[in-house]
Amino acid sequence: MGGRTQLGEFEEIVLLTVGVLYEDAYAVAINKEIAKQSGRSVNVSAVHKSLYRLEKKGMLESQLTDPESKRGGKRKRVFSITPFGKKALDEAMELRTSLRNQIHELAFKWDK
Amino acid sequence: MSGFHQIPKLPHRFFKWYCKKDLYEEIHGDLEEYFYERVNEKGLKKAQRMYWWDVIKCCQPYAWKGLESQTNSNIAMFKNFYYTTIRNLLKHKSYFAINVLGLSVGIACLVFITLFLINELSYDRFHSNYQSIYRVGNEAVIRGEPNKQATTSGPMAQILLDNYPEAIKATRIHASGQLLIGKGGKKINEEGILFASESFFDVFDFHLLKGDPETALKHPKSMVISESYVKKYFGDGDPMGQKLSVDEDTTFYTITGVVEDVPANSHIKFNLLGSISSNKRWNVNRWVGTSQHTYVVLNEGVDIPEFEKKIHQVFYDHMAPEIEYYTGLKISEWEASGNTVEFKLKPIADIHLKSDSLGELEPSGNIAHLYIYGLIGVVILFIAVFNFINLATAHSSTRAKEVGIRKVIGSNKRTLVFQFLFESILIASIACSVGLVLVMILKPYFISLIGKEISFSILYSFYGLGTLLLLAIVVGLLAGFYPSFVLSSFKPVAVLKGKAQSGRNSIGWLRNFLVTIQFATSIIIIIGTFVVYNQVNYMTSKNLGFDKEQTLVIQRPDWLKSNLEVFKQEIRRNPNVNQVANSETIPGKNYEIRSYRKVDAAETFLFLNNQVTYEHMEVLGLELVAGRFFSKEFPSDSNAVVINESAAEAFGYDDPIGKPLTSAFKKDRPIKIIGVIKDYQFESLHKATAPLSLELDQSNNSGFISVQIVNSENILETVTYIDETYRKLAGDKPMQSFFFDEEYERLYKTEVSTARVLVIFASISVFIACIGLIGLITYSAALRRKEIGIRKVLGAATSSLVKLLSGNVVRLIIIATVISWPLAYLATDYWLQNFADRIELNPWIYLGSTICLVLIVGFAISFQTIKAALSNPVESLRDE
């Protein structure tokens, strides 16, 4: 597995959430979705950081929308997953499943 | 947008400041969205607070302006600056050397002086409750003469504790003179041993390493010893419970504690601290003539003047009865004739610098000297900084092409200013490092120069090094500020065409100005040095009215016990001994006060007093004005007194001989004035001569024995003989002695060390100013090489060329002289106010210092000017 598709744990969640929110994936919505789904509340800056990094890695692409009044008349940046992003997600998922499947059942037997 | 004004302005501005422009809209949009939502959900206040938090959290590299896109070129720019600087410095080594040498010496001086000042200003502030510790002293006015003492009577501490709820804790200290400390067969004279009451460690923060601070000084004959003295007396062994003999072979003190070495900035210094309960004499209930240092811890918020008024009752309750007993006056009468005693509280942190009391545990520092030192430190640094400015501007033409090229390539003025500032900060940093090395090397010399231990630990701490770095930056900015603007303002077209002026005209006035200031400060420092030196010299060599040369003074005649007379007889037999006398005190030491009254008058006269023997006048070489001195032929002399001229004047007698007096100390028996001696300076020259009385006490075995030695060739032999005789008659105790003149000079210890410090710093400042000047002259000679060549070809004489090159310097020295003389006068006059007996204004000092500067500068620049003037014109002209 090449280092280029390496994903951090939080990055992976952000990437997944971008996919989930399809077409409305911008920082605030992503942050709220993560909070809703995982119960984990983080500052929006953490989401920003991951988003920009993922974009730089080429796993996300983005464009600006029209201005919105609820944002003080500012535009927002909406992200979407690139094919490379999907590949990274799949690889990460694959790796996990593969590793999970390799665990011997005995490793889960605690009451001897 | 309706809610926008609710967004707190400050964090918004901060956000705008750090956030990348093209990210501002989207990120701040997110923050705003959150904000408005929160306003609705949680209220405005909370939303605003959370917005603050968001802005702070967002302040991360991903959002920062500039760094990502500019980092690389910025680093490249710094690299370029760095290399350009280094290349330039290597190319102009002498320029670099002069700058670094001057600056590093200046910085080293500043560091030394700062450390000294920190030490002086931080005195006694290491006690955690130093703000509530006060020393109780007394201020008396005796017959209109003010007299401040750092001490009060022994019982004071307990009385304050018992009767005044404002006082929470109190302790008292008795300072002893030299004592003989013995361990095994070894005996050592130790100076400055203190004895304190058991609450000592409760009041002060001296840290006990071993032993219980509450009980260490409780029992008689207990002693606390410092860490370094543990090594001295016990090596690596455990000192606890061990015994040391003190003074007498049969008096033993038990070690009950080990204390950390006392810091250099404590006015209470001790290596051995005994319990004050050890000696009955230190615990008597006497108020007049006892002296112990009393320290009291007061409650917070006690009004000091009010409290001082309150404790005046202590005077009436305890001291007044004794005064009535000794003077024979009712206390109201005593007060009516212009006498008062008041108890004054001094905050412990003020004792070192703001006390003018007598009997301090350690000689006080002089705040005037601190100002002088501080000023000199700054002045020396500025002289070095001026060198830098002068050389940098003078050197500007060598950098002109570089500036031109940089500008053509697209550098703007701001980056150029930045470059040159970077350069000067780099040089200042190098100088700081060199300065720090100098400080480390010269540390022991500085300590011996100022004659006292100071702490260097702060220098190597985080703060010390941080401050040093800051100093490098500040010095770099100061020095580089002006040159960087000059250099960066060159017009590229002009310089590249080769029309660069060396900046002679436009900035010449500044250079002249700075050099003039350097000269002026140098002259002031030289004058100051001369004045201080002369005053010290005057004090130590003035005819004081008594002889102190070749006089050996022996302390502790009490060890001779009944052998005192035998001892005196014995050493008189040595042909090298002229005369021997013993007395209660000697000039330069403490004199006690005695009171006298004319037989039929109520007025009391208080004179300083000495108890002497028949030979006193001969040994001290005193001059008799009228009457006679004590003599064996008159047995009635035990009821006689010899006074000095000032005392005679105080009595108002034209012919005092034979006049009867009474003295409370002589139980009001009538005593007669038998002689008047010429005034002599028996106290330090800081004070005017006071009235003095001498009384006869032939068998007095406290005080000092003075031995006048006639033959100076085998003095060592004579002293050895005296020592052996003493040992023989004092039960094998070693003799403690000093030479009178050497001891007397210690009265002027601070002045002598100030004089030495001044000489050193004066030399350094003149030295730095000179190397700067050499650099300047060298450079201008190099610039004018062709001019000089042409002049020579046209027939100019060497002398006129030398004049051409150095004429300006002479003019500057003259201007500097005019500026500096009045300033120097004011400064030296301020310092001389410390002395009752001071030297006259000497015009030669002023003239001399200017001549001195002319000579030094002349010598410094002569090499360069003469070299330039003598150079072969062919050399300078042939390449065209």
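The notes below start with the model itself and then go topic by topic.

This is a predicted model, in which local features need pLDDT of at least 70 and side-chain atom pairs count only at pLDDT 80 or more, while totals for chains, interfaces and linings use all residues. Residues are numbered from 1 along each chain as its sequence is written, and chains are lettered from A and ligands numbered from 1 in the order in which they are written.

**The two chains in outline**

- Chain A has four helices and two strands, where helices (H or I, at least four residues) and strands (E, at least two) are DSSP runs numbered from the N terminus.
- Along its sequence, chain A reads α-α-α-β-β-α.
- Chain B has 28 helices and 24 strands.
- Of the 112 residues in chain A, 30% count as buried; a residue is buried if 20 or more other C-beta atoms lie within 10 Å of its own, exposed if 12 or fewer, and partly exposed in between, with C-beta atoms placed from the backbone.
- In chain B, which has 880 residues, 39% count as buried.
- Among contacts in chain A between residues at least 6 apart in sequence, 48% join residues at least 24 apart; two residues are in contact if their C-beta atoms, placed from the backbone, lie within 7 Å.
- For chain B, residues 24 or more positions apart account for 83% of the contacts with a separation of 6 or more.

**Inside chain A**

- Helix 1 (residues 9-20) of chain A has 12 residues and reaches 17 Å from first to last C-alpha, close to the 16 Å expected at 1.5 Å a residue; the expected span is 1.5 Å times one less than the number of residues.
- The buried residues in helix 1 of chain A include A:Ile13, A:Val14, A:Leu15, A:Thr17 and A:Val18.
- Their cover includes helix 2, helix 3, strand 1 (60-64), strand 2 (77-81) and helix 4 of chain A.
- Helix 4 (residues 83-102) of chain A has 20 residues that should span 28 Å, and its end C-alpha atoms are 28 Å apart, which agrees.
- Two of the 20 residues in helix 4 of chain A are buried, so this helix lies largely in the open.
- A:Ala88 is found in helix 4 of chain A, and A:Ala88 counts as buried because there are 25 C-beta neighbours inside 10 Å.
- A:Ala88 and A:Leu15 are 73 residues apart in sequence, yet their C-alpha atoms are 9.6 Å apart in space.

**Where the chains touch**

- The contact takes 18 residues from chain A and 17 residues from chain B.
- On the chain A side, helix 2 (27-38) and helix 3 (44-57) are the elements that give two or more residues.
- Helix 3 of chain A provides the largest share of that side, five residues.
- By class, the chain A side has five nonpolar, six polar and seven charged residues; Ala, Val, Leu, Ile, Met, Phe, Trp, Tyr, Cys and Pro count as nonpolar, Asp, Glu, Lys and Arg as charged, and the others, Gly among them, as polar.

**Helix pairs in chain B**

- The axes of helix 13 (residues 367-394) and helix 16 (residues 462-488) of chain B come within 9 Å and cross at roughly 20°; axes are lines fitted to C-alpha atoms, for helices over the stretch in contact, and angles run from 0 to 180 degrees between N-to-C directions.
- Helix 13 and helix 16 of chain B are therefore roughly parallel to each other; angles under 35 degrees count as roughly parallel, over 145 as roughly antiparallel, 65 to 115 as roughly perpendicular and the rest as oblique.
- Residues of helix 13 of chain B in this contact include B:Val385, B:Phe388 and B:Ile389, and those of helix 16 of chain B include B:Val475, B:Leu478 and B:Tyr482.
- The contact of helix 13 with helix 16 of chain B divides into 10 nonpolar residues, one polar and no charged.
- The axes of helix 18 (residues 508-541) and helix 27 (residues 843-870) of chain B come within 9 Å and cross at roughly 130°, and the two helices are therefore oblique to each other.
- The contact of helix 18 with helix 27 of chain B has 10 nonpolar residues, four polar and no charged.
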